[in-house]
Amino acid sequence: MRIGEISLLTNDVIRLADFYKRLLEIDNESNDGVHQTLIAEETMLTVYDDGSEKDNRNRNICLAFTVDDIEKEYRKVLALGAEIIEPPTLRPWGAVNMSFYDPDGNIVYLRCFSK
């Protein structure tokens, strides 16, 4: 069994999808206000409005992305106006992690492993 899809539920698909398009430096060529697939590889990342009202207090799940250059990504996240939870910080196991909130309040981690 594999995870087939991670979906972020939101009341503003375009705003949240546009944030992730800029963060991930991708263009899915969609402005659909109900559903957008952003990553369509083995595990998909989608943004979806299922019609229910969201309170944007998603504190039970987070997303983590592995990156090559954490400082470059940190500057990008700052430019996107995201609220930083923790700036790039070296962890005892050798990774450098940072975290921030996306526009809906989901926690996003970026991590870089030593090469």
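Here is a short walk through the strands and helices of this model, one selection at a time.

Before you click, know that the model is predicted: local features need pLDDT of at least 70, side-chain atom pairs count only at pLDDT 80 or more, and totals for chains, interfaces and linings use all residues. Residues are numbered from 1 along each chain as its sequence is written, and side-chain values use heavy atoms, with hydrogens and water left out.

Start by selecting residues 35-39 and 44-48. These are strands β2 and β3, an antiparallel pair with four bridges. Helices (H or I, at least four residues) and strands (E, at least two) are DSSP runs, numbered from the N terminus, and two strands pair if DSSP finds at least two bridges between them. Four residues separate β2 and β3 in this hairpin. Click Ile 39 and you'll find its bridge partner, Leu 45, in β3.

Now for the open sheet: four strands in the order β4-β7-β6-β5, with mixed pairing. Select 62-66 (β4) and 83-90 (β5): these are the edges, each with a single partner strand, so one side of each has no neighbour in the sheet.

Pick Ile 84, and its bridge partner in β6 is Phe 100.

Next, select helix α1, residues 13-24, which packs on the sheet and touches β4, β6 and β7 (107-112). Contact here means heavy atoms within 4.5 Å. Finish with helix α2, residues 70-79, also packed on the sheet, where it touches β5, β6 and β7.

Note on methods
Axes are lines fitted to C-alpha atoms, for helices over the stretch in contact, and angles run from 0 to 180 degrees between N-to-C directions.
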